[in-house]
Structures are given as structure tokens and as C-alpha cells.
Amino acid sequence: MKPTALITGASRGIGKAIAFRFAKEGYSLIINCNKSADALMTLKEELVAKYHIPVLASVGNVGDYTYIQQLFEEIQKEFGGVDIVVNNAGISHIGLLSDMTPEEWHNLMNINLSSAFYTSKLAIPYMLSKQQGKIINISSVWGNIGASCEVAYSASKGGLNSFTKALAKELAPSNIQVNAIACGCIDTEMNQCFSDEERLALIDEIPAGRFGLPEEVAALVHTLANESNYLTGQIITLDGGWC
Ligand code: NAP
């Protein structure tokens, strides 16, 4: 039996590429997003038609624990549990910290950081019962080094990095691996806010001379999902040599 993977934020961008990568290998999938229900349903139809795999598509906010509890009830009914959790859903917030409202701060923290706690908390019991499992968190280079005008985002991803390292230590004795990928600039809608000029300036700073592709992140997620059990607690930077 191929493993079952939960991928949050799969309606587009990196999450969608991860869904395709796993589907190609015949994994059973649970895909999620919050707002783009039509895109998620279209993705589900595409994956089922092309790869003939079971897909559960679920729309809801990963930053809401009640929703994640309902999602795991459904997962338990359909699949028993999940072997792989990819905490990918995330939002950015660009602006001065002093202009950010506490509501915006808490919303971002819930989506980018608390969600990883919620999914991990509910995925771990099944993983423990099987004495195996993988939790892969999609982080950012800003979580490593911080970015001006992205303080909350940097803090959420820095938190996700520490969450990854600490949880890896807690779960290594149970043969469950926890790793993160700290992405640089990946060519998705999240970066559509940049003007052509800003984009070129960014590319100029990246030694590889281009943005990364969602498919490149997906390939690394797939590698981590199949890597040696000894690889855990790592924040792997994928940024074309940028940071
Ligand atoms: P994206 O194109 O904006 O896609 C984000 C995905 O997350 C969408 O499917 C979105 O669906 C979903 N999402 C957002 N809020 C959600 C919520 N509350 N609950 C459930 N799903 C939610 O972004 P991306 O570039 O693929 O980013 C994916 C991850 O990579 C994020 O964690 C991001 O921080 C990280 N990352 C990206 C880059 C980059 O350069 N692109 C760099 C470093 C790290 P809905 O719109 O339907 O909610």
C-alpha cells in the first residue's frame, strides 16, 4: 500500500506541485485550501482521472483548530490516518510592523505556525501506532535570517523552524521524521505582488539567476518523504544559493 499524504494549501503554487508529485507515485491524498474551492475540486478531478488515486479534497482554514479536528475525523474514516503531513499552507504580509494590526498578526501566526501544531498533534497518534511517519514543513529563508517589512512572516517561519527541530527530537525515538524546507524565491502567486523591476532586481541577487520552481520544491518534499529515517530535525534551504 502506498502512503497517505495530507498536503495543506494545495489549490495552487507549491502545494499543487507537491500533490502532483505524490499522485504520480500513487499516494492517496488529502488536499486542502481555504478560499479556492473550485481550483481544489478541479485539481482533485485531474488527479483522480490521471493517476487513479483516492483523493479527499477539503476546504477550510488550517489556522482554525475546529476545522482541523473535523478534517482528521474525515481522514480517519476514509484512510485510518496519514503517513505524511506536508504543512504547506501559508500567507505573506508585507508592510511595516508598526502598521500591522494584532488581528493580522494573529491570523498570520495561526495560518503559518499554529496550523503545524494542529495537524501534527492530530497526525502523531496514528504515526505512533505505526512507528513511522513524516512531517514536512514548508518554511522560508526569512525564517532563517529575517526580512524587513516581513517581520511577522519571518517570525512565523522562524517559529516553524524551531518547531521542526524540537518536534524531531521528541519523535525520533518513535521513528517519525520532522524536517523543513526553507524556500527562497519560488515562482508562485505569492510573489505576484512584485513589479517586473522588483522581480529583476531579486533575480539579480540570486546566484542561480532565476526564481525556483514549485516542482523543484515538490521534488525535495518527495525526497524527504522517502529519505533515510536518520534524516530528521533539518531545515533544508532551497534558494539557488541566495541567502
Ligand atoms: P500561494 O501560491 O499563495 O499558495 C498558498 C496556498 O495556501 C493556496 O493553496 C492557498 O489557498 C492556501 N492557503 C492560504 N491560507 C490558507 C488557510 N488559512 N487555510 C488553508 N489553506 C490556505 O503560495 P506558495 O508560494 O505556493 O506558498 C506555499 C508555502 O510556501 C507557504 O507556506 C509559503 O510561506 C511558503 N514559501 C513560499 C515562497 C515563495 O517564494 N513562493 C518562499 C518561501 C516560502 P486559498 O487561497 O484557497 O486559501
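This is a predicted model: local features need pLDDT of at least 70, side-chain atom pairs count only at pLDDT 80 or more; totals for chains, interfaces and linings use all residues.
A polar contact here is a pair of N or O atoms within 3.5 Å.

I'll take the chain first. It has eight helices and seven strands. Along the principal axes, the C-alpha trace spans about 50 × 40 × 35 Å. For 243 residues, a compact globule would have a radius of gyration near 18 Å, and the chain has 17 Å, so the two agree.

Where does the ligand sit? It is in the largest pocket. The elements that give two or more residues to the shell around it are helix 1 (13-24), strand 2 (28-33), strand 5 (133-140) and helix 6 (151-171). Of the elements, strand 5 gives the most, with three residues.

In total, 32 residues surround the ligand, and the closest are S11, K35, S36, Y153 and T188. Sorted by class, the shell holds 13 nonpolar residues, 15 polar ones and four charged ones.

For K35, a backbone N or O atom lies 2.6 Å from an oxygen atom of the ligand. For N34, a backbone N or O atom is 3.2 Å from a ligand oxygen atom.

How much of the ligand's accessible area does the protein cover? On its own the ligand has 890 Å² of accessible area, and the protein covers 95% of that.

Technical notes: Residues are numbered from 1 along each chain as its sequence is written. Side-chain values use heavy atoms; hydrogens and water are left out. A residue is near a molecule or strand if one of its heavy atoms lies within 4 Å of it. A polar contact is a pair of N or O atoms within 3.5 Å; within protein, one must be able to donate a hydrogen and the other to accept it, and residues adjacent in sequence count only if both atoms are side-chain atoms. Accessible areas come from the Shrake-Rupley method with a 1.4 Å probe; for residues, only the protein chains shown count as cover. On a 1 Å grid over the protein atoms alone, a cavity is a set of points where a 1.4 Å probe fits but cannot get out, and a pocket is an open set with protein on both sides within 12 Å along at least five of seven lines; lining residues have an atom within 4 Å of a point. A molecule sits in a cavity or pocket if more than half of its atoms lie within 2 Å of its grid points. Helices (H or I, at least four residues) and strands (E, at least two) are DSSP runs, numbered from the N terminus. Ala, Val, Leu, Ile, Met, Phe, Trp, Tyr, Cys and Pro count as nonpolar, Asp, Glu, Lys and Arg as charged, and the others, Gly among them, as polar. The radius of gyration is taken over C-alpha atoms; the globule rule is 2.2 Å times the number of residues to the power 0.38.
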